Amino acid sequence: MPEALDSLLDLLDLERIEQDIFRGESRSSIVPRVFGGQVAAQALVAAGRTAPADRLAHSLHSYFLRPGDPGAPIIYNVDRIRDGRSFTTRRVVAVQHGQPIFHLSASFQTSEEGLDHQYDMPAAPEPESLPTAAEMLPRHLPREVADRLIEARAAVDLRYVETPPWGSVGTPREPRSQVWFRTNGKPADDPLLHMCLATYVSDMTLLDSVLLAHGRGGWAVGDVVGASLDHAMWFHRPFRADEWLLYDQESPTASGGRGLGQARIWTQDGKLAITVIQEGVVRVPR
C-alpha cells in the first residue's frame, strides 16, 4: 500500500479512550487549520464504531464550529441518541482545547429492499484519459504551491475534467465542475471505511464551483478567503473508494459572503452512490 494512503488510514484509525470517547490525531493541510474533510471523516469513524455492525451509514449532517488546531489531538465524544429496529442515530462532538470545533449527526440503517430509481449519470471523459494532479497542477500554480497541494492530496488520485479555478482566474465560467477520484492504493474491505474515505475527499473540491462563477482562483492563489460551514451527505448505494468515482459538482447560489455547493458522486458504471451538499464562507479579501 502506498505510504500516503497508509498514513491517511492511520489518521482514520481512532484511539478508543472510553466506551464512547475517541481520540484522533491531525496533520498539516494547505491552510493553517485542520482539514475539514479529516474532521468529518474521523467523526463518522467514531459514530460508526458505536453503531451495530449490521447497520451502515446512510446520512450525515455536520457543522464546522471553530478552526481545528493541527498540532493538538481531537477528542470525539459520541452520544448514543437512538437504537431502533431499523435505524441507529449518533451525535458526535469534536473537542479541542476544551471547546467544540465540530458537530456531526449520523444515521445508520439495516440493509433493506425497496423502491429503486436514480438520475442518469452525466457525461464525462474516462478518468485514465485525464492528467494526474502531479501533471496538471504545476501548469497553473507556482511550483511551491503545486507541491503542497500534491503532497496534501497524495493519498488520492484526483483528476479534474476541466481546468480548476486557479487555472482560469479572471474568466467567469458555468458554476459546475467534475473530478474523478479514487484512493492511491487498496484499503480494507470495510464499507464504513470506504464511506469515511469518500467523506474525506468530498471536502476537497466542492466549493470550486462557487469560485468558477466569479472567475476566482480560490485558496491556492489567495483571491478569496473561506472555510466550510456545514456539510451533509447521503449514501445511496454501495461503492468502493479505491475504484473510480465521478464527483459532479455545481453551485446554485452565492450571497451574503457564503456559497453553496451541491454534488452527486457516481460509480464508474453509472450508479448514483452519494449526494453531497455544503455551504462555506467565501469572502473577497479587503
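Q: Why is Arg 55 called buried in this model?
A: This is a predicted model, and in it Arg 55 has a relative accessible area of 11%. Buried means under 20%, so Arg 55, at 11%, counts as buried.

Q: What makes up the surroundings of Arg 55?
A: Arg 55 lies in strand 3, which covers residues 55–64. Leaving out residues up to four places away in sequence, Arg 55 touches Gly 84, Arg 85, Ser 86, Phe 87, Thr 88, Phe 108, Gln 109 and Thr 110.

Q: How do you know that the side chains of Arg 55 and Thr 88 make a polar contact?
A: The distance given for this pair is 3.0 Å. A polar contact needs N or O atoms within 3.5 Å, one able to donate a hydrogen and the other to accept it, and the two side chains make such a contact.

Q: Why is Arg 159 called buried?
A: The relative accessible area of Arg 159 is 10%. The cut-off is under 20%, so Arg 159 is buried. As for its place in the fold, Arg 159 lies in strand 7, residues 156–160.

Q: Which polar contacts does the side chain of Arg 159 make?
A: One joins the side chain of Arg 159 to that of Asp 157, at 3.0 Å. In another, a polar atom of the Arg 159 side chain lies 3.3 Å from the backbone oxygen of Pro 127. Both values pass the test of being within 3.5 Å.

Q: Why does Val 45 count as buried?
A: Val 45 has 6% relative accessibility. Val 45 has its place in helix 2, residues 36–48.

Q: Which residues is Val 45 in contact with, beyond its neighbours within four places in sequence?
A: Those residues are Leu 12, Leu 14 and Cys 196. As for Tyr 76, which is 31 residues apart from Val 45 along the chain, the C-alpha atoms of the two are separated by 9.7 Å.

Q: What makes helix 5 mostly covered?
A: Of the 15 residues in helix 5 (residues 191–205), 14 are buried. At the start of this helix, a side-chain oxygen of Asp 190 reaches to within 3.1 Å of the backbone nitrogen of Leu 192.

Q: Why is His 97 called exposed?
A: The relative accessible area of His 97 is 61%. Exposed means over 50%, so His 97 belongs in that class. His 97 lies in the loop between strand 5 (87–96) and strand 6 (99–110).

Q: What makes the phi of His 97 worth a look?
A: His 97 has a positive phi of about 50 degrees although it is not a glycine. Most residues other than glycine have a negative phi.

Q: Why does Ile 277 count as partly exposed?
A: Ile 277 has 31% relative accessibility. Buried is under 20% and exposed is over 50%, with partly exposed in between, so at 31% Ile 277 is partly exposed. Ile 277 lies in strand 12, residues 272–283, and among its contacts beyond four places in sequence are Leu 206, Asp 230, Trp 234 and Leu 260.

Q: How many helices and strands does the protein chain have, and why is the chain called as compact as a globular protein of its length?
A: The chain has six helices and twelve strands. Its radius of gyration is 18 Å, close to the 19 Å that the globule rule gives for 286 residues, so the chain is as compact as a globular protein of that length. Along the principal axes, the C-alpha trace spans about 55 × 45 × 40 Å.

Q: What share of the residues in the protein chain is buried?
A: Buried residues make up 48% of the 286 residues. The accessible surface comes to about 13,600 Å², and 49% of it belongs to carbon and sulfur atoms.

Key
Residues numbered from 1 in each chain as written. Predicted model: local features only at pLDDT ≥ 70, side-chain atom pairs only at ≥ 80, totals over all residues. Heavy atoms only, no water. Helix = DSSP H or I, 4+ residues; strand = E, 2+ residues; numbered from the N terminus. Buried < 20%, exposed > 50% of the residue type's maximum accessible area, 1.4 Å probe, protein only. Contact = heavy atoms within 4.5 Å. Rg over C-alpha atoms; globule rule 2.2 N^0.38 Å. Areas by Shrake-Rupley, 256 points an atom, 1.4 Å probe, with all protein chains shown as cover.
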